[in-house]
Structure formats: C-alpha cells, structure tokens
Amino acid sequence: MENWQRLEKVVRWSGMSVNAFAMHIGLKRSENLYQIKKGNHGISKELARVITEKYPAISKSWLLTGEGSMLKDGSDIWGQPKKGVPFYNVDISAIKDLGEQPVKPVYYIDIPTFNDCKFAALSTSNAMIPDIPSGAIVLLKEHDPAKILPGESYLITTKTFTGIRSIRSYVEDESKLRLVPKNSADYDEMIIDKNEIEVLYLIKGYVVSKAL
C-alpha cells in the first residue's frame, strides 16, 4: 500500500477532511500531507509519531511500512480496549454509514455466545415483532449470501432496501428470494433477486432493556 493510501485510510477513519485532520494532529499546514499525496514525500517517522500520539490504536509500523494491520491488536480506532461486540447507538438502517466512516461504539457487549458478531445496533422497526421487539439491540454476524439458511432472520441491504426479514426460498424461481416480515398485518412480503443483496448479516440474537 502506497504512503498516501495509508495516510488517506487513517484520515477517512478519523471522519475528518484532510485539512481538519492536519490541524487536529498539530500540523500548521495541510500542504505537508498533500505533498505525500503528490508523491513528493513519504510518511516520515516524525509524522508517524504525531499521528500515533493522537490515535494510539494506529500501528506506527504499519504507517511507515504498510506491513501488518492499521490497528494494533486488541484496540479500536480510539485506543479503547476491544472486548466483545461493539454496540453503536444508531438504527440498523445506518449500516452503510457504519462501514464508510467511523462511529464510536457506546460500549462493547461481552457475551461469549455472541462474540463472533461484527457489531450490534438498534432495531426500531415493527416488522419483526413479536420475534424482535422494536427498540431491541440486535447482534449481527456477517453471512455469505450464497449460504442462506431459509427461515432465519437477516439484516439485508440492497440498493433500495435495508431491514430485517426472514429469508425464504421462492419456489417459482430459484434466482429469487422471499423477504418475509413477522408482522404481516402491517408489512408486505418482498421478492428480490439473489444478486440484489449487497450486504447480509445473520441476526445472531438480540438484547432488550426493560424500563424499571
């Protein structure tokens, strides 16, 4: 990975523009970073030091050489200990945003049964009640669209839809799938082509907080 590609990846994770990132790490001018983009300079040891002081979870070795992973083992981008499943206090409809820019987890859900999940978020829809109550925290595990288990509940993302549905086979056409809501009184079943699925997560479980 080239110097600028590594640097740009860190900037994207920071959620800032290049100019704002430069100011945040203490540079007087963002031109220093743009010189790296132009290929005139590499990432210096001093720049790597400055960046990793602001973002302790970033690997200095990775910044300088591109070897290994951007994040140090056991930490998230904010340098917090990473234990369990990160919970984001956003609705699952924001799944694409979670992948495109960093959103700080509120906390980590440390339940061994669910620790293979990628993240947890809120489900505010009534489409799957009573199986999944509105307001539940759902724990999601990445799933291969080619290995769908009929009848299981998934978070499905296509170009036009993001939501939780039970996926079932469409007998009339093997290239299609049925997306079935539990609450059929208020939500209609949908039929989609298998190749429409952009992102798929298995609903591994959910947590409900009771008001006392």
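Two remarks on conventions. The model is predicted, so local features need pLDDT of at least 70 and side-chain atom pairs count only at pLDDT 80 or more, while totals for chains, interfaces and linings use all residues. Residues are numbered from 1 along each chain as its sequence is written, and side-chain values use heavy atoms, with hydrogens and water left out.

I start with helix 4, residues 45–54. Helices here are DSSP runs of H or I with at least four residues, strands are runs of E with at least two, and both are numbered from the N terminus. Leu-47, Ala-48, Val-50, Ile-51 and Thr-52 of helix 4 are buried. By buried I mean under 20% relative accessible area, by exposed over 50%, and by partly exposed anything in between, using a 1.4 Å probe and protein chains only. The cover over these buried residues includes helix 1 (3–14), helix 2 (18–24), helix 3 (31–37) and helix 5 (60–65).

Next, the loop between helix 4 and helix 5, where Ser-59 is found. Is Ser-59 buried or exposed? Its relative accessibility is 13%, so Ser-59 counts as buried. Apart from neighbours within four places in sequence, Ser-59 is in contact (heavy atoms within 4.5 Å) with Thr-52, Ser-69, Met-70 and Lys-72. Thr-52 is one of the buried residues of helix 4. Ser-69 is ten residues from Ser-59 along the chain, and their C-alpha atoms are separated by 7.2 Å. The side chain of Ser-59 also reaches the backbone nitrogen of Trp-62, at 3.1 Å.

Now the rings. A pair of aromatic rings is described by the distance of the centres and the angle of the planes. Rings of Phe, Tyr and Trp (its six-membered ring) pair if their centres lie within 6.5 Å; planes under 30 degrees apart count as stacked, over 60 as edge-to-face and the rest as tilted. How many aromatic pairs does a search of the whole structure find? The search finds four. One of them joins Phe-21 and Tyr-55, with centres 6.1 Å apart and planes at 15°, so this pair is stacked. Phe-21 lies in helix 2 and Tyr-55 in the loop between helix 4 and helix 5, so the pair ties together parts 34 residues apart in sequence. Phe-21 is buried at 0% relative accessible area, and Tyr-55 is buried at 10%.

Phe-87 and Tyr-107 form a tilted pair, 5.0 Å centre to centre with 35° between the planes. Phe-87 is in strand 1 (residues 85–91) and Tyr-107 in strand 2 (residues 107–109), 20 residues apart. Phe-87 is buried at 4%, whereas Tyr-107 is partly exposed at 39%. Ring pairs also link Tyr-88, Phe-119 and Tyr-201 into a cluster.

Two strands pair if DSSP finds at least two bridges between them. Strand 9 (residues 199–207) pairs with strand 4 (residues 136–142) in the antiparallel sense over six bridges, with Ile-137 opposite Val-207. Strand 9 also pairs with strand 5 (residues 153–157), again antiparallel, over four bridges. There, Tyr-201 is the bridge partner of Leu-155.

The loop between strand 3 (119–123) and strand 4 contains Pro-130. A cis peptide bond joins Ile-129 to Pro-130, with omega about 5°.

Last, charges. Side chains of opposite charge can pair when their charged atoms come close. A salt bridge here is a side-chain nitrogen of Lys or Arg within 4 Å of a carboxyl oxygen of Asp or Glu. The whole structure has nine of them. Among them is Glu-31 with Lys-38, at 3.8 Å from N to O; Glu-31 is partly exposed at 26% and Lys-38 is exposed at 57%.

Glu-142 and Lys-118 form another, with the closest N and O atoms 3.7 Å apart. Glu-142 lies in strand 4 and Lys-118 in the loop between strand 2 and strand 3, so this bridge ties together parts 24 residues apart in sequence. Lys-118 is partly exposed at 44%.

Between Arg-49 and Glu-53 the closest N and O atoms are 2.6 Å apart. These two are four residues apart in the helix, so about one helical turn separates them. Arg-49 is partly exposed at 31%, and Glu-53 is exposed at 53%.

Terms used
A polar contact is a pair of N or O atoms within 3.5 Å; within protein, one must be able to donate a hydrogen and the other to accept it, and residues adjacent in sequence count only if both atoms are side-chain atoms.
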